[in-house]
Amino acid sequence: MPEPVDAGDLPPADEDSGDEETQKTELTGLFIERPPESNVITTGTDMVFIAKVDSTTLTRKPSIKWLKGKWLDLASKAGKHLQFKETYDRETKVYTFEMKVIKAKVGAAGGYRCEVTSKDKFDSITFEITVEVAEQEDVDILSSFKRADGGEDDGNLDFSALLKAAKKKKKSEEPEIDVWELLKHAHPSEYEKIAFEYGITDLRGMLKRLKKMKVEPKHSEAFLKRLEACYSVEKGKKIVLTCEVFDPNVQVKWLRNGQEIKPSAKYIMECNGNIRTLTINRTSLADDAAYECVVGEDKCFTEVFIKEPPVTITKLMDDYHVVVGERVEFEVEVSEEGANAMWFFEDIELHKDTDPAKFRMKKDGRKHTLIILEATLNDIGMYHCWTNGGHTKGELEVEEKELLVLQDIADLTVRATDQAVFKCEVSDEKVTGKWFKDGVEVLASERHKMTHIGRFHKLVIDNVKPQDAGDYTFIPEGYALSLSAKLNFLEIKVDYVPRQDPPKIHLDTTGNMVSQNTIIVVAGNKLRLDVEISGEPPPTVVWSRGDQVISSTEGRIRVESRKDLTSFVIEGAEREDEGNYTICVTNPAGEDKAMLFVKIVDVPDPPENVQCLSVGEDSSSMTWQPPAYDGGAPVKGYFMERKKKGSSRWTKLNFDVYESTNYEAKRMIEGVMYEMRVFAVNSIGLSQPSLTSKPFMPIAPTSEPTRLLVDDVTDHTCTLKWLAPDRIGAGGLDGYIIEYCKDGDTQWVVANEELCERQNFVVRGLPVGEKVNFRVTAKNIAGCSLPAVLTQPVTIREIVELPKIRLPRDLRTKYIRKVGDKLNLVIPFQGKPRPVLKWYKDGQPVDEKLVGVRNSTVDSILFIRSAERDHSGKYELVVQIENMEDRATVDIRIVEKPSAPLKVRVAEVWGFNAALEWDVPRDDGNCEITGYTIQKADKKTKDWYTIYEHNRKTHCTSSDLIIGNEYMFRVYSENLCGLSEEPCMSKNTAVIVKTGLQHKSNDYKEKDVTCVPSFTQPLQDRSVVAGYSTAISCSVKGFPKPKIVWMKNKMIICDDPKFIMLNNQGVLTLNIRKPSAFDGGRYSCKAVNALGEAHAECKLVIRLPTDPTAEK
């Protein structure tokens, strides 16, 4: 967001803004067209001001503000005299913002500002409007008495023109008055009266401006340095507000938004001399406020701005593939609760007020959801979610509703009192429908029952009657589709048959008979085969499958027999029921047989071996194998679905049946893991989904490497350098392949056996004198990129260059470092072919166990991890190519603090002076002694004071010594590293005596004050309540000072945090913290010195607290 600007930095609206161009800071230059800087309007006329913003580089829609002066937002003034308009050109991506002034008045004059903001970009422009009063003609009084809104004889009389003319004439005679000067000197009680008199309608805005008007700064006697104008800090970090006061002893108060701040763990106030600081720990958004430091009646102000950390998106948005009318919920998760997220459809921002009947936005903790209540074809596109630190997108695909018939209604033939069941299956579980018989809707009754379970719709007719025969139709609601079947009523006719009639089987080949003696049944459906038989006497019927006779009259597979009719029933047909069935009828007159083949058709098995063959930047090529079993009906095609790994929402890829077993999925997001599954479809229905494919990620090769160039050439090698590709993508970068070929040849040779992970490579084994072309290709998991090729061939030939050492400037003089420091000397050189490098110390080769050396083709590094005195010396680097060489010498000196001086002594004492002498230290720390520090101490107090610093000589004189005192002296030696660790004490002392005085001894005997310890106030017995801290006290006297021992039950109390023992000038106190029942007992105190000892004892009773309400 743009940095905050103090309102006091902007010029007032009525001041000349000619210098504003130099004060204004244009951060981005977003405006491509702006209003003129100076504009003149005549009163009563209109004028339009246009500003245009180019949004090609913006990530979101810019927001615009039109301001007058510094503070007045003109959006609140839109109406009769001021209108705003905004348009957008999709082709040029330019936003046009217009401000129209209608029938301008004199009050419209002043300075205006237009501000545009988009995420982290900001720009503003300023312009002036001058209003000129139109020349007034002579007022025609008669014409002023005109009728409003009508002709000559209708409407009301309008005197406004006459009144306006009179007002303008009167105003022109009055002298101009500066209203702001008048307000500054007026009492606050008169503000409203002045505003009414001079036509100021925005009283609140007037008071804000009047408050912010510049006031002549008063000289502050309380503050030497005030607080900064504003501070900025990231949320959760610490910030320190600092000011400097004139009086170091003065007390200050800190205020936040006018409320005094109390010291706490969050707010720490410190006073260090004249410096006063307020430290705010772990800042939050609540700390974004105005702060004051108050000294008496003087104050200094500042403002603290809290920057929120970027909010990232932790859960990405899923793609949706739905049909018209379905509900869509795009859901994301962000890193912080309560964070703001912005939703966009393509480049249009979606707000809560954007079509509330269609879009809804929900925020639950870290979850943000965009809900589309009913998707339409106009909603197809890309939806984006933006935070201030992240972005995600999801694609919505909407298809027209299309209903597939997975199982059609079959014709039925039933007998009287039997049950007829019509059954169909459609692709949508939510679809409802109606049943019709011969065009008339079938209503539910005791015999007619209609059910809808999932995708299946059934019409069941119990106790079939002849009038139930006819055409039955099922029509799904909302679709131009109908499914029809016929119900045939089987009427039994009894004819006269001779008594000796051989048996005969009458098979009906209509209905579900596909071919002669073949019956097709959908798996799960019921098969009821009614076969008429004839014969006299009535024949015996036997059903069999192969050699197995079916005689059961109950169960899933059963036989039902009646006179002249036999029925074969299979409830819920299964695949295992498919096969040849035989019916045999016999009587004394003969025998008849018929063979039936029952074919069970079902939905196919799931497709197998779904896998990804290849991937692209936003696509993948998938393949699979057809199902092992087609369900008894040919496979018509397939439906595909995909989802993001970890998500539970599957997106359909096709709504029409896809016939091939290879498919290219597109419009995927690079770098996101996907999974895919396939459904097979035949005339019966949709199979179960296949096993999910292995996760795959759409990725693409990188772009070609950039800035390929030759770094070095020898007789047989060439060194190449390049930079990484501009676009790497989600597949990352595994390495590079370097190839070369002779100029004029087309066969490229790979120079590296393994991928090169660095961005440089030495190609070896090249022919001398040949011109060779080189190219470099980047490779990742998706394959190789386009090659980066050198524009010209390279001639393989050694470039000879004499050896030369380029010694850095700081190494040309003595190089001094302290003991323990780390040394790392980098010395560049040049020379071709690669020279031989040697290091010497004081003429001998360096010991690599003590000193580390690393050499490259362009420099040599001498490093010492921890320097010691032994590392001092002259180091010489020799760079040699055959018989040519170059040398450079580095003088290294390792220094440390010196030892103490030797033999410090008082050489002479006279008057109030003492002369000191000493010898130089044994060890100067490997560098020159720069001086000495001398200190003195009175032998009574033994407090040391420095009398000389950086004294370069080995002697000095200490003056202004106090008569009667005896002084000791000590001396520190000093060099480049500092003072010596230990001083050298003077062997003798300096006694300053007063001449002519004699000591007169006392003629009295000092009093002996020693005494045996005794208690002047003994311990008293106490009774206390458990849980409340208590203390027991006594007092003792004795000299020498006695040692005090406290005991509990004759056990010494020591190192127990529960007890605190105090001794204040003989008053002894034992504090017991929160005693319990265990702490009761006898406590004693013993005082002991060399002359004897004394005891004091008391009893401590601990009472348990009682509940006063328990007795009641």
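The model is predicted, so local features need pLDDT of at least 70 and side-chain atom pairs count only at pLDDT 80 or more, while totals for chains, interfaces and linings use all residues. Residues are numbered from 1 along each chain as its sequence is written, and side-chain values use heavy atoms, with hydrogens and water left out.

Rings to begin with. The whole structure has 19 aromatic pairs, a pair being two rings of Phe, Tyr or Trp (its six-membered ring) with centres within 6.5 Å; planes under 30 degrees apart are stacked, over 60 edge-to-face, and the rest tilted. Tyr-95 and Phe-97 are stacked, at 6.2 Å centre to centre and 10° between the planes. Both Tyr-95 and Phe-97 are buried, where buried means under 20% relative accessible area, exposed over 50%, and partly exposed in between (1.4 Å probe, protein chains only). Phe-1059 and Tyr-1083 are tilted, because their planes stand at 55°, with centres 6.4 Å apart. Phe-1059 is in strand β87 and Tyr-1083 in strand β89, so this pair ties together parts 24 residues apart in sequence; strands (E, at least two residues) and helices (H or I, at least four) are DSSP runs, numbered from the N terminus. Phe-1059 is buried at 9% relative accessible area, and Tyr-1083 is buried at 0%. Ring pairs also link Phe-49, Trp-66, Tyr-112 and Phe-127 into a cluster.

Next, Trp-650. Lys-643 lies over its face, 5.3 Å from the ring centre, and the charged end of Arg-677 sits over the ring of Trp-650 at 4.1 Å from the centre. The criterion is NZ of Lys or CZ of Arg within 6 Å of the ring centre and within 35 degrees of the ring normal.

Now salt bridges. There are 41, each a side-chain nitrogen of Lys or Arg within 4 Å of a carboxyl oxygen of Asp or Glu. Lys-235 and Glu-336 form one, with the closest N and O atoms 3.9 Å apart. Lys-235 is in the loop between β13 and β14 and Glu-336 in the loop between β23 and β24, 101 residues apart. Lys-235 is partly exposed at 32%, as is Glu-336 at 24%.

Arg-558 is buried at 13%, whereas Glu-560 is partly exposed at 23%.
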